[in-house]
Amino acid sequence: MDKTTGSPKILTAAAVFGQFLALLPFAAAFCGLGIKRYDPLVYCAVYAVWTVFYAAGYFCGRLAHELELSGKPSRKAQPAVMFISRLAVLAPSAVFIAVIMIAKISSMALFYVLPGGIIAFFGAHGSEGKGYTDKFSRGWFALYFISGLIAALLLWSSHEEKLAADGISRICIGFAVMILLSALLANQTNIDLCTRQRAGGKSVLPEGLRRYNAVLITVICSVTIGLFLFAKPLAELIKQLVALIIRGVLFVTETLSSCVMTEPEDMLPDNSANVSEPQSGFTSAIADIMFVLLVIGMLIVLFKLRKHIWSLIKSVFEPLFRAKKPPSDIPFYDEILVSDARRLAPRARRRAERELARQYRRENDPALKYRYGYALFLVRLGKTDKPPFPADTTSVHREKGERAFELDLGELSGVYNKVRYGDTAPTAEELIRQEKILTEIK
């Protein structure tokens, strides 16, 4: 079986790297327009500032979710707590502005570095507790594309050709890496989306599947990106190779021509100019013929391989634009979640509960929402002295829940049975009553 123990950590690290990479156009614009040079130390300083903002956002987001999970603030006060945690971005912003003024650093930092820091803060705040799929969403890809385009236009408008060319080159290279990273994470997300619905989970993955897909996408994207970024030197290299082949063919042709000549040297014309002109015309004609044949051959090859080339292009870029659809059903999701939750550490269990609560709030399909809510009920029941077991029926869940929470859970159990086994959707009133129960057992 595939060893996936370290995969989530690696993928999460890649997602965080993608978030920071999306801020590269801001750094390039600051170096090109603010200080008029591209200094690696300046890049390090800028990213150090953004790291501080990111850490502050992560801390505030985690603190707000911990308070929400603990149930200490009332339900009406929770939005205020979340708003205050987001308003905390003013603290690192004020410190940054003060440092800029005291150290007399270029005021351009306020236009390029500070916005990047604010984005890093809210990016960390919004992705706290999420998996790598939600940490690196398409919004970061769109952010790079839009900010990179704006930065490129600003650099060109500066009328400093060298600075503009160097800055745009860095933005293009970063965008190429962003494409590769997006394709890798999208592929791994699709794998998880498929295995999440199966009873075996990730254990059903063939050995080395993640590694094979990652290597395959890396090679394809790297070749494509290399052809894009190094088109000019590759064209020069191909041109030199073609010229070398043509010179070799001409040399062989001229050698054969000289061997078949039977006239003695004293019979040849003395006018060397008259001799060189036909040879030059003959060489030029051979070169033109070889070039035409080469172009025709390339067109034939491209036509023959057109389907393969188009399939390759789609396989590279399709994961970036394919909409992620929620599964139409979640076979045995509730039972698996309870079984897995019993093996989790307390901190991991709390994180799983937060993620499940987040999925419950965001779900729009009534049937799936009710099932997420029932799974959330089972997770919270697992924190009591009457935890559920995989073999328990819904009747046992109801009995344990009523004893643990001292609530009437007859409707919750009955509606769940109709949704889960009767394939019927709950009403709006039933969803409201379920949400009320989940609030009371928080």
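## Helix H18

The expected span of a helix is 1.5 Å times one less than its number of residues; helices here are DSSP runs (H or I, at least four residues), numbered from the N terminus. Helix H18 covers residues 410–421, so its 12 residues should span 16 Å, and its end C-alpha atoms agree with this, being 16 Å apart.

This is a predicted model, in which local features need pLDDT of at least 70, side-chain atom pairs count only at pLDDT 80 or more, and totals for chains, interfaces and linings use all residues. Residues are numbered from 1 along each chain as its sequence is written, and side-chain values use heavy atoms, with hydrogens and water left out.

Among the residues of H18, Leu 412, Val 415 and Tyr 416 are buried (under 20% relative accessible area; exposed is over 50%, partly exposed in between, with a 1.4 Å probe and protein chains only). Just after H18, Asp 423 has a positive phi of about 55°.

## Aromatic rings

Rings of Phe, Tyr and Trp (its six-membered ring) pair if their centres lie within 6.5 Å; planes under 30 degrees apart are stacked, over 60 edge-to-face, and the rest tilted. The count is 10 aromatic pairs. Phe 121 and Phe 122 form an edge-to-face pair, 5.4 Å centre to centre with 80° between the planes. Phe 121 counts as buried because its relative accessibility is 0%, while Phe 122, at 37%, counts as partly exposed.

The pair of Phe 377 and Phe 405 is tilted, because the planes are at 55°, with centres 6.4 Å apart. This pair links helix H16 to helix H17, 28 residues apart.

Key:
Helix = DSSP H or I, 4+ residues; strand = E, 2+ residues; numbered from the N terminus.
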